[in-house]
Amino acid sequence: MQIERSIVRGAVVVRIEGRFEFGTRNEYKRLIGQIVQEGYRCLVLDLEGVTFLDSSALGLLLLTDQNFKLKKGTFSLVKPTGYVRQVIELANLPRVIPVHDSVDEAIGNFSEDVAVRLPAS
Amino acid sequence: MSAGASIPSLRWMQSVPPTETGIGQARRHAVEAFRCLGVRETHLFPLELSIQEALVNALVHGVEEQGGSQIRLSFEITNHGVEVIVEDDGLSAVEAEEVSHPVADEAEAQGGHGLSLIRALMSRVNIRSSGHVRMELDFQPVAGQVPV
């Protein structure tokens, strides 16, 4: 699994490529832990390049959503495709975590100066 | 192969090293075997995902939590579909309602989608326990379509 991270208008955009599953869970957990510590309030996860997703990944997506909601932030997914999209829908994830067609749509009106991010608690 | 042709039953079995690397390799070997045996491409994802969920469950619940030491993966392809069996020698049964995806801490435990995914993708799921845990998964393609 490859992970790329960027900042757009104060939101963190994480792009995952490859398999997001039990065997790659620790990489994801480390990254999200860092992002939460750094105090970002908007996380967009681009899943367009994900080729395989299992229930471990689903659990981590829900946990991420919890973490951001606790900090009054937002978490959303972008463009899961093919079977990955099917798995996400089978698990009814879109009822809990918004799914968008593009990063721009996911970020929406969010805009935050990085200097005024809420401190991590 | 025409829909009316009969294929002999094809069987495959592998002992799985009870580690993360071991279950990953076993899953890949099973998928390669499916491809070599001509299983349709559209059937590979549900089979691979179901095998993944079952193997991870055997590793986490059967081996790591219940002290098991062996996992076995087997499948049989027939005219009707594919039957996959994942067995581990963990000490106690894994109740169907308790099977969840593996978690490292309590906070992750809210996932629990593993068995739900398997049930959504497979035609039949049976979990048996008599000294060891055996998960039987049946994949039957749509009527009139053979798996290969």
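**Entry 1: overall scores.** I began with the confidence values for the whole model. It scores ipTM 0.87 and pTM 0.85.

**Entry 2: the make-up of chain A.** I went through chain A and found four helices and five strands. Reading from the N terminus on, I noted the order of the elements as β-β-α-β-α-β-α-β-α.

**Entry 3: size and packing of chain A.** How does the radius of gyration of chain A fit that of a compact globule? Chain A has 121 residues, for which a compact globule would have a radius near 14 Å, and the value for chain A is 13 Å, so the two agree. I also looked up the extent of the C-alpha trace, which spans about 40 × 25 × 25 Å along its principal axes. Of the 121 residues in chain A, 37% are buried. Then I turned to contacts between residues at least 6 apart in the sequence of chain A: 77% of these join residues at least 24 apart.

**Entry 4: the sheet.** Next I followed the strands of chain A. Five of them form an open sheet, in the order E1-E2-E3-E4-E5, with mixed pairing. Which strands stand at the edges? They are E1 (2–8) and E5 (99–100) of chain A; each has a single partner strand, so one side of each is left without a neighbour in the sheet. As a reminder to myself, strands of a sheet pair through backbone hydrogen bonds, either parallel or antiparallel.

**Entry 5: a closer look at E1 and E2.** I checked how E1(A) pairs with E2 (residues 11–20) of chain A, and the sense is antiparallel, over seven bridges. One pair to find on screen is Glu4(A) with its bridge partner in E2(A), Arg15(A).

**Entry 6: a helix across the sheet.** Helix H1 (residues 25–37) of chain A lies across E1, E2 and E3 (42–53) of that chain. I noted the angle of H1(A) to E2(A) too, and it is about 175°.

**Entry 7: a helix in chain B.** I moved to H2 (residues 41–65) of chain B, which has 25 residues. From its first C-alpha to its last, H2(B) reaches 35 Å, close to the 36 Å expected at 1.5 Å a residue. After H2(B) comes Gly67(B), with a positive phi near 75°.

**Entry 8: where to be careful.** The mean pLDDT of chain B is 81, and 76% of its residues reach 70 or more. Where does pLDDT stay under 50 in chain B? I found this over residues 93–111, for which the model has 41 contacts beyond four places in sequence. Where pLDDT is low, the predicted coordinates should not be read in detail.

Note on methods. Residues are numbered from 1 along each chain as its sequence is written. Chains are lettered from A and ligands numbered from 1 in the order in which they are written. This is a predicted model: local features need pLDDT of at least 70, side-chain atom pairs count only at pLDDT 80 or more; totals for chains, interfaces and linings use all residues. Helices (H or I, at least four residues) and strands (E, at least two) are DSSP runs, numbered from the N terminus. The expected span of a helix is 1.5 Å times one less than its number of residues. Two strands pair if DSSP finds at least two bridges between them. Two residues are in contact if their C-beta atoms, placed from the backbone, lie within 7 Å. Axes are lines fitted to C-alpha atoms, for helices over the stretch in contact, and angles run from 0 to 180 degrees between N-to-C directions. pLDDT is the predictor's confidence in each residue, from 0 to 100. The radius of gyration is taken over C-alpha atoms; the globule rule is 2.2 Å times the number of residues to the power 0.38. A residue is buried if 20 or more other C-beta atoms lie within 10 Å of its own, exposed if 12 or fewer, and partly exposed in between; C-beta atoms are placed from the backbone.
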